[in-house]
Amino acid sequence: MNRRTWLILALGCLGLLFSGAWMAPEHLSAMDLRLSLAGPDLVWPFGADVKGRPLREYALQGAEVVALPAITAGLVVALAGVFGGLLRCVGTESVDATIQGLGEVMGALPRMVVVLVVALVIPRDSRSLMPMALAWAVLAAPGAMDEAASVAERLGGSRFVEALRAHGYSATRIYLVHVVGFNLRPVVVRQGAETLMQVVFLEIALSYLALMEGRPSFTHPDSSRSWADLLQLGYKSLFPSLRYDSEHALWLGLSLLGLVGLMTVSIGRMARAR
Amino acid sequence: MLPLMVPAIITGLIWALPGDPASLICPPSRCSGTQALAERWNLDAGPFQFFVGWLRDALALNFGRSWSAFQGMDVGNLLAEAIPVSLMLVGLASLWIFTGVFGAATGWIHRRLDPLLQTSGMIPVLVLALVGAAIVDLTYGFGSSGQEGQMARIIIGSAVLGLADGAFAGAVAGTRGLFSSESRQRYVGVAILRGERELANTLPNVTPALVGQLRARLLHLLSGAVVVEVMLKINGIGDLLWAGTLEQDFGLVLGTATLFAVGSALLLVLQAMCEVAVALHVRRSPGVQAA
């Protein structure tokens, strides 16, 4: 597939995520026990939960929980990558070495441990995914900076900039167009997209683990539902003895994860080098 | 530095929270004796005093007691029970990584499989852990908490950890990338013309980068172990960390997070030792046997 097709796919997935977040209801609909675990044929388009509430609302609220923090984390990592690449091109060795040293220390911390420490200190009445997403982004940033710096290094680093200067190009054109636009773009966009996906998966994992313990999630208020609720509801359908007909929730949850995966791949492919 | 940094950050965060730390464990609205508790846990003399006291005890392998998740229980004992379980889980999971590295380096894992591996590597750890938990529960039913069930959980958990989030796929792709770029070097072409083996020539030069990649992947396994242990009900360090976080049990989180940091620091030391060994080996300039 060419880059334009990937761009359309990426925009489509991002559009779905953001329109879902924008349309998310503040609270779930009223219960209707007659529609308990109703399939998509009765409650269009995704079916209903055990209390007869449409799963569409779960999907929308889940999108609202993850959309902004995941995009923010992705942007932070992409910008850090740009910074790392530019730093290598500028050729400031002492700053470069300091940042590399800091990156080594940050990269040596197990991310989940740091995220849980951040979760530990979030006041319970102001739960949000954003602090954890930012912590994740800060931990992912050194890797992105390192990769972008290697790309800049392969390009020639400061010698590449000198060569373009000799051609009479302005600094803005050299750094923004040639270094970032033409050379760093594939790496930083892919890194940003991967972080976006990781933050979504992180939210689902944290919410699912909290659900398993019957505890409120760290990532969203009790009035909201995460995509993890769909997986938890659907998981019970894997046990035939339980006779819990919630396969539609499982499929919806997995499809949403697949959509995020597709979005990540398409963003990465649309930005790949020619 | 890492094992010191992690408890220092957590201590800083405890004091950064609104309200005094003792009230966090024992809110005066719900329980009496907050002041006595503060004195008992060394929380009444400020963060530095607390940190130095905790560190002094930790160096004597005394990690204090759990504040709320396992109230009153010795954190050291909890960790001692959990460490072998987590080591077994991460150790078995790392076999996948080593297999991926070995398979890619020797060419046993064919390049044609790469797209398939990369696609399967995108499956998040949570989804594979869900499948794993379902397999264990369906296979062992009520007996899944017994000895046999626990072993099955560890084996399935290690497979989940080794395959999910691109752990295995990343090991294959990373190793292949390193070797293929090194193989393009001029000296490798010359060596092949001299009848020497490609791997014997490239291996010493890629080993430092390979060890660096391995460290990052093992760290990734340590991180993922938290999700796998909680999902599959494996009583490891990750499970303790999760329980401590849920209960805002700073005593337990301090111990477990420090242990993770120690693990990470050990990996860094191992990496440095490997790099030194490779440098010494390269310096000896050993002869390469002709094929």
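## Notes on a predicted two-chain model

1. Let's start with charge. Chain B carries 17 positive and 18 negative side chains, and the centres of these two sets are 15 Å apart. In chain A the counts are 23 positive and 21 negative, with 7 Å between the centres of the two sets.

2. Please keep in mind as you read on that this is a predicted model. Its scores are ipTM 0.78 and pTM 0.85. For chain B the average pLDDT is 85, and 95% of the residues reach at least 70. Within that chain, the element with the highest mean pLDDT is helix 5 (residues 75-106) of chain B, at 93, while helix 2 (residues 21-25) of chain B has the lowest, at 72. If you plan to look closely at one part of chain B, these two helices mark the ends of the range for its elements.

3. Now the fold of chain B. The C-alpha trace spans about 80 × 50 × 30 Å along its principal axes. Of the 291 residues in chain B, 48% are buried. The chain exposes about 14,300 Å², with carbon and sulfur atoms supplying 64% of that area. Taking contacts in chain B between residues at least 6 apart in sequence, 71% join residues at least 24 apart.

4. Chain A is helical too: it has nine helices and zero strands. Its C-alpha atoms fill a box of roughly 75 × 40 × 30 Å along the principal axes. Chain A has 274 residues, and buried ones make up 51% of them. Its accessible surface is about 12,700 Å², and 62% of this belongs to carbon and sulfur atoms. Among contacts in chain A with a separation of 6 or more, residues 24 or more positions apart account for 71%.

5. How do the two chains meet? On the chain B side 37 residues are in contact with chain A, and 37 residues of chain A take part in return. The area buried between the chains is about 3,400 Å², and carbon and sulfur atoms give 80% of it. In chain B, the residues that lose the most area to chain A are Met122(B), Trp242(B) and Leu246(B), which together give 19% of what that side buries.

6. The loop between helix 1 (3-23) and helix 2 (55-90) of chain A deserves a look, as Pro45(A) is placed there. The peptide bond joining Trp44(A) and Pro45(A) is cis, with omega about 0 degrees. Leu37(A) lies in the loop between helix 1 and helix 2 as well. Its phi is near 55 degrees, a positive value in a residue other than glycine. Is Leu37(A) buried or exposed? Leu37(A) is buried, at a relative accessible area of 16%.

7. Lys233(B) is not a glycine, yet has a positive phi of about 55 degrees. You will find Lys233(B) in the loop between helix 11 (198-231) and helix 12 (237-246) of chain B. With 46% relative accessibility, Lys233(B) counts as partly exposed.

8. One last stop is Val114(A), in helix 4 (residues 111-121) of chain A. Which residues does Val114(A) contact, leaving aside its neighbours within four places in sequence? They are Leu109(A) and Leu139(A). Ala97(A) is 17 residues from Val114(A) in sequence, and their C-alpha atoms are 24 Å apart in space.

Conventions:
Residues numbered from 1 in each chain as written. Chains lettered and ligands numbered in written order. Heavy atoms only, no water. Helix = DSSP H or I, 4+ residues; strand = E, 2+ residues; numbered from the N terminus. Buried < 20%, exposed > 50% of the residue type's maximum accessible area, 1.4 Å probe, protein only. Contact = heavy atoms within 4.5 Å. Areas by Shrake-Rupley, 256 points an atom, 1.4 Å probe, with all protein chains shown as cover. Lys, Arg positive; Asp, Glu negative; His and termini not counted. Charge placed at Lys NZ, Arg CZ, Asp CG, Glu CD. pLDDT = per-residue confidence, 0-100. Buried area = accessible area lost by both parts, 1.4 Å probe.
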